[in-house]
Amino acid sequence: MRYTLLMHYAEQTGATLSDEDMAEAQRAFSAYAAALHGAGVLIAAEVLRSSESTTTVSRVDGELRVQDGPFADTKEQLAGTFVIDVDDLDAAISWAGQSPSVSWGAVEIRPGATFTRDGVWVMNG
Amino acid sequence: MTRADVSAAAQSAARSSYGRLVAVLAAADGDIALAEDTLQDAFVQALVTWPRTGIPSNPEGWLITVARNRQRDTWKSAAARTRADWLELGAASSTVHPNDLDLDTLDDKRLEMLFVCAHPAIDPAVRLPLMLQAVLGFEASQIAVVFVVPAATMAQRLVRAKRRIRDARIPFVVPTGAKRAERLPAVLESVYGCFSIGWDDAGAASLDAPESMAGEAFHLAVTLAELLGEEPEAWSLAALLALSLSRRATTDGEFVPLDEQDPRQWDSDLIARGETYLRHAAAVTLGAPGRLQLEAAMQAVHAARRHTGVVDWPALGQLSEALVTIAPTLGSRVAHAAIVGRLAGPSAGLAELERIEVPAAGFQPYFAVRADLLSRLGDSRASEAFASAADATTGRHAAYLRSRSAATKS
């Protein structure tokens, strides 16, 4: 069963985050990814650039609108995702709890509904 | 075999083992709603089949088999959108052969269901209703009455919670180790909640009567304690409920406060069971006693009055002091103030009470204890205090408080 762990947290900039803090976070994320991979549960992971660089596209009254900035302008932003394949919610909760980002934000656990394999949709589960 | 016999047999099977059967069926795929539907179908099937064939020697086994077949049909039709692999796997690992169906082993499944209902990923507000339905078999409309919401609202909440259990795949397991320690309190809390809801009508019904939620919750607590083995708080809950139920005869007729009840009315078998459970709890306690153990011990002190003839207030004082230290809830603090009032006099009790912040919505036990302390003090405000305590409750308790209001009117 696939779950996507969505990391939400208030974004830090170079001004608020020291080099040591950044290095420490990177080490923690490396260890976390290695642990997920070692357990054979990691499907994919991605840490995103800050929402300052995000672009949102929507169609309004038939017109394609391209906008500077995130879809939802909130203090906490989606900062990264981990797709994992584990037995059940308890296993997902346990992995979510080990994410380095739980110390400075929330991790949302969303069960997947379908995913693609070779371009074809497959039911999760 | 008349239709009425069959109907009675089916209903008896439904009542005595509904929760266990749902738990067995749902454990296969985590789908409680489907389990309930297929079990319902099986009951209907029984009403048609049993008049011809006679009631099977193992009605529960028969029902499980029929329901399981329905479940498989549903899985097969869903197989096109395949969740099939793990479904079949789950079903295979938990398939129960009807002839091997032992209701005692089914209790393990019921235990899993309890942990599912009280899972941290389930909204605390819906845990108790969910348990009342999925484990104890009460209908959404009955549960709605208890929680004072429209039936459709309650049904909707239950449907949502069950869908969530299935879709997020909350596992049907009894957790072990640290996870058990973390989750057991919520399970015990909910079973205690089921008991409290049923307590009002526990008086009239006999202990085994299916309509008594309190009796069902008590059985559940004993099952939990026995199956979990060495969990002191589970044994303590069983003790607490046994000792409370021992006084159910006193819930007939007029309300009488605990320390004024005639101990000869209490059920000595239940008291003995409660005391045994409490000894069990103490024997497996490693550190300091937990909240439920302290509450059960306080009940045991009251029960001891049937031998000693007096309430051991100093013992109650020590226990409630410990209780407010580890669990300073509104209820435990108000109860503590009442005991202080007995030990150190009503002024000391009132002083203790005044330190408690009462929520804006009010707290009935607070009003009742305050009124009692005022009357012990001979304070002229007692009558009015009893009247407002009566307004905050209903039934025989309200009637009792009104009579005390009248008696203290100067």
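A residue is buried if 20 or more other C-beta atoms lie within 10 Å of its own, exposed if 12 or fewer, and partly exposed in between, with C-beta atoms placed from the backbone. By that count Ile109(A) is partly exposed, with 17 other C-beta atoms within 10 Å. The model is predicted: local features need pLDDT of at least 70, side-chain atom pairs count only at pLDDT 80 or more, and totals for chains, interfaces and linings use all residues. Residues are numbered from 1 along each chain as its sequence is written, while chains are lettered from A and ligands numbered from 1 in the order in which they are written.

**Confidence**

- pLDDT is the predictor's confidence in each residue, from 0 to 100.
- Chain A has a mean pLDDT of 93, and 98% of its residues reach 70 or more.
- Among the elements of chain A, helix α2 (residues 89-98) has the highest mean pLDDT, 97. Strand β8 (residues 120-123) of chain A has the lowest, 92.

**Chain A overall**

- Chain A holds 2 helices and 8 strands. Helices (H or I, at least four residues) and strands (E, at least two) are DSSP runs, numbered from the N terminus.
- The order of elements from the N terminus is β-α-β-β-β-β-α-β-β-β.
- The C-alpha trace of chain A spans about 45 × 45 × 25 Å along its principal axes.
- Of the 125 residues of chain A, 12% count as buried.
- Two residues are in contact if their C-beta atoms, placed from the backbone, lie within 7 Å. In chain A, 69% of the contacts with a separation of 6 or more join residues 24 or more positions apart.

**The four-stranded sheet**

- An open sheet of 4 strands in chain A has the order β2-β5-β1-β6, with antiparallel pairing. Strands β2 (42-47) and β6 of chain A stand at the edges with a single partner strand each, so one side of each has no neighbour in the sheet.
- The twist averages 20° from one strand to the next. Axes are lines fitted to C-alpha atoms, for helices over the stretch in contact, and angles run from 0 to 180 degrees between N-to-C directions.
- Two strands pair if DSSP finds at least two bridges between them.
- Strand β1 (residues 2-10) of chain A pairs with β5 (residues 76-85) of chain A over 9 bridges, in the antiparallel sense. Here Tyr3(A) has Ile84(A) as its bridge partner.
- β1(A) also pairs with β6 (residues 105-111) of chain A, antiparallel, over 7 bridges. Thr4(A) stands opposite Arg110(A), and His8(A) stands opposite Ala106(A).

**Helices on the sheet**

- Helix α1 (residues 19-38) of chain A lies across β2 and β5 of chain A, at about 165° to β2(A).
- α2(A) packs on the sheet and touches β1, β5 and β6 of chain A. The direction of α2(A) makes about 155° with that of β6(A).

**Ile109(A)**

- Ile109(A) is found in strand β6 of chain A.
- Leaving aside neighbours within four places in sequence, Ile109(A) is in contact with Tyr3(A), Leu5(A), Ala92(A), Ile93(A) and Ala96(A).
- Ile109(A) and Gln12(A) are 97 residues apart in sequence and 23 Å apart in space, C-alpha to C-alpha.

**Helix α19 of chain B**

- Ala382(B), Ala385(B), Phe386(B), Ala389(B) and Ala390(B) are buried in helix α19 (residues 382-391) of chain B.
- Seen down the axis of α19(B), these buried residues fall within an arc of 140°, so they line one face of the helix. The arc is that of the directions from the helix axis to the C-beta atoms.
- Helices α18 (364-377) and α20 (395-407) of chain B are among the elements covering the buried residues of α19(B).
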